[in-house]
Amino acid sequence: MEVSQGSYASILTFVFAAALLASLLVKFWLASRQMRHVAAHRHAVPSAFARTISLDAHQRAADYTLAKGRFGLISMAVGAAVLLGWTLLGGIDALNIALRDALQPRFGALAYQLALLGSFAAISALIELPLGLYSTFHIEQRFGFNRMTWKLYVLDIAKSALVGVLIGAPVAALMLWLMHAAGSLWWVWAWGVWMVFNLLILLLYPTLIAPLFNKFEPLADESLKTRVQQLMARCGFAAKGLFVMDGSKRSAHANAYFTGFGAAKRVVFFDTLLNKLSPAEVEAVLAHELGHFKHKHVIKRIGVMFAMSLAGFALLGWLSTQPWFYAGLGVRPSLTAPNDAVALLLFLLVAPVFAFFVSPLFARVSRKHEFEADAYACRQASGDDLAAALLKLHEDNASTLTPDPLYVRFYYSHPPASERLAALAGHPSLKPS
Ligand SMILES: [Zn+2]
């Protein structure tokens, strides 16, 4: 028994280390391909965009992509080192033992485990802080996207932490209690709780949480409002309200989105979007978003999320009972205290390393959905306006027009502009019949 547990643990250590190394190599390889590709095409605007995009804008996009790419390499290396530090190098083990010895005798198992999860979250946030600061106040700043002040940055962190504790602590406590008290099928219960929690957040986020960070005002522009309402009526779509969000408070990047569920659904425009696009273009962008609903992409995404979390919880339910799961990832499981919080942490840290290898599948489905939503927008609004809006947003966001094709396949959740515009141009509704 001893021997086989030990060898299972060694196998897991090896498989994990190999997967981490392989994912890191693939990520570095893809990132360097992307950077080489963008740099090689920096000197000239691709012919398809020669009339619409200036050389200046094209080179700005290339420089922005390269700056983010270099920063991405550093973040990846740091992320992998931190992950190794937490797991195989004994970070979680040390933190776990220190908190267990200090807290469990006096405050009980639940309090100690909550403290473990909380300390882990706090330490992780501290490690990521310099990266976030550099990205916002150096890269985004340099390219004119950052609108954050230091005060706002600190305030955001404080608010997020508060919301995180208020929401996260009770959910974590409930999970830990289920793991401890609900028997060997605890993971089915935990999954149910997790799903209800997610739906609640979807329901409450737009009205309770988002307003903590941004101001939402009803859309005041009457002509745009009429346009949007006519579009929604045409598409058979009801929403509770049209709002403008002060996205410009943080960043110059533009966006529009739907939030909420059923009757609580609302449409939110970033003020930055309304400033950049004409009313017809805003309508086309919104028609694209409606396309995601009409094609049931949102429901499908939620369904996939439900199924994957059930599989995840089942896997965690099994792994958490296996001593080699802990030992193989650098933690000595306790015989006298519950190991539930440790199991949760290890699982959340290690699962993404393996999930990385299937992520291109999801990106592929997502790109297909984008084409479907674009086609829907062509039928319900104007494809020419959508094309114009896409170009403007691309230029304003300094997105590269010349990404590496393999990088696109692996990562892009949206098809590159060239492909989307080509598909829009070829759409039957735009051709003279
Ligand atoms: Zn979309």
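Two strands are said to pair if DSSP finds at least two bridges between them. Helices (H or I, at least four residues) and strands (E, at least two) are themselves DSSP runs, numbered from the N terminus. The model is a predicted one, in which local features need pLDDT of at least 70, side-chain atom pairs count only at pLDDT 80 or more, and totals for chains, interfaces and linings use all residues. Residues are numbered from 1 along each chain as its sequence is written, and side-chain values use heavy atoms, with hydrogens and water left out.

Strands of a sheet pair through backbone hydrogen bonds, either parallel or antiparallel. Strand 1 (residues 216-218) and strand 2 run antiparallel and are joined by three bridges; here phenylalanine 216 stands opposite methionine 245 in strand 2. Strand 2 and strand 4 (residues 266-270), by contrast, run parallel and are joined by five bridges, with valine 244 opposite phenylalanine 269 in strand 4.

How is strand 2 placed within the rest of the structure? Five of the five residues of strand 2 (residues 241-245) are buried, so this strand is largely enclosed by the rest of the structure. Buried means under 20% relative accessible area, exposed over 50%, and partly exposed in between (1.4 Å probe, protein chains only). In a regular strand the side chains alternate between the two faces of the sheet. Both faces of strand 2 are covered, with Gly241, Phe243 and Met245 buried on one side and Leu242 and Val244 buried on the other.

A pair of helices may be considered next. The axes of helix 10 (residues 297-319) and helix 12 (residues 340-355) come within 10 Å and cross at roughly 130°. Axes are lines fitted to C-alpha atoms, for helices over the stretch in contact, and angles run from 0 to 180 degrees between N-to-C directions. The contact (heavy atoms within 4.5 Å) is made by Gly312, Leu315, Leu316 and Leu319 of helix 10 and by Ala343, Leu344 and Phe347 of helix 12.
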